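Here are a few notes to read with the model open beside you.

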Amino acid sequence: MYERIETQPGTIGIRLGETLSVDEINRLYADTADALKAHEKLNYYVDARAWSHTGLDAGLHSLKMRLAHLDWFHRFARVAVVTDNALLNGAVRLLDLLTPMMDVRAFGASDAEAGLRWCEGG
């Protein structure tokens, strides 16, 4: 499950539930595509405090979608991920190293508001 959260213009904000389905992943990418039509550069805020896993089908689909949309990476300025999950935190740090065109940071659960402010450029 995921839900959109209120953010400043030019920032997409989502809150993840415990897991994501293939349909939800497709909706996330559709939401992002719509936002990219309106903005040359976007910030992306992900509150993943409740997220714990993605099933095999959804995980493979998510990887396929990421690879199909690699051209979007240069369109993101800041990406903030709120999590206390060590594996996800490590993935965020790796993504930051691999994508010098965008600034990617992980924030702990207690720093969720600071992460949103940073992501929105504040």
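**Notes on the model**

1. There are seven salt bridges in the structure, a salt bridge being a side-chain nitrogen of Lys or Arg within 4 Å of a carboxyl oxygen of Asp or Glu. Please keep in mind that this is a predicted model, where local features need pLDDT of at least 70, side-chain atom pairs count only at pLDDT 80 or more, and totals for chains, interfaces and linings use all residues. Residues are numbered from 1 along each chain as its sequence is written, and side-chain values use heavy atoms, with hydrogens and water left out.

2. One of these bridges joins Glu3 to Arg15, with the closest N and O atoms 3.3 Å apart. The pair links distant parts of the chain, since Glu3 sits in strand 1 (residues 2-4) and Arg15, twelve residues apart from it, in strand 2 (residues 11-16). Helices (H or I, at least four residues) and strands (E, at least two) are DSSP runs, numbered from the N terminus. Glu3 is partly exposed at 36% relative accessible area, and Arg15 is partly exposed at 32%. For these labels, buried means under 20% relative accessible area, exposed over 50%, and partly exposed in between (1.4 Å probe, protein chains only).

3. Arg4 pairs with Asp31 in another salt bridge, the closest N and O atoms being 3.8 Å apart. This pair also links distant parts of the chain: Arg4 belongs to strand 1 and Asp31 to helix 1 (residues 22-38), 27 residues apart. Arg4 is partly exposed, at 43% relative accessible area, and Asp31 counts as partly exposed at 22%.

4. Is Asp47 buried or exposed? At 2% relative accessibility, Asp47 counts as buried, while its salt-bridge partner Arg49, at 2.6 Å from N to O, counts as partly exposed at 45%. A network of salt bridges links Glu3, Arg15, Asp47 and Arg49.

5. Now for the nonpolar cores, each a set of buried Ala, Val, Leu, Ile, Met, Phe, Trp, Tyr and Cys residues joined through side-chain atoms within 4.5 Å. The largest has 24 residues, and those with the most contacts inside it are Ile14, Leu16, Tyr44, Val46, Phe76, Val79 and Val81. Two or more residues come from each of strand 2, helix 1, strand 3 (42-47), helix 2 (56-68), strand 4 (76-82) and helix 3 (86-98). Helix 1 gives the largest share of this core, five residues.

6. Not counting residues up to four places away in sequence, Val79 touches Tyr44, Met102, Asp103, Val104, Arg105 and Trp118, where contact means heavy atoms within 4.5 Å. A second, separate core of nine residues includes Ala80, Leu116, Trp118 and Cys119.

7. Thr83 lies in the loop between strand 4 and helix 3, and is buried with a relative accessible area of 2%. Leaving aside neighbours within four places in sequence, the contacts of Thr83 are Ala48, Leu88, Asn89, Phe107, Gly108 and Ala109. The Thr83 side chain also reaches the backbone nitrogen of Asn85 at 2.9 Å. Between Thr83 and Ser52, 31 residues apart in sequence, the C-alpha to C-alpha distance is 10.0 Å.

8. Lastly, Leu63 is found in helix 2 and is partly exposed, with a relative accessible area of 46%.

Methods. Polar contact = N/O pair within 3.5 Å; in protein donor to acceptor, adjacent residues only side chain to side chain.
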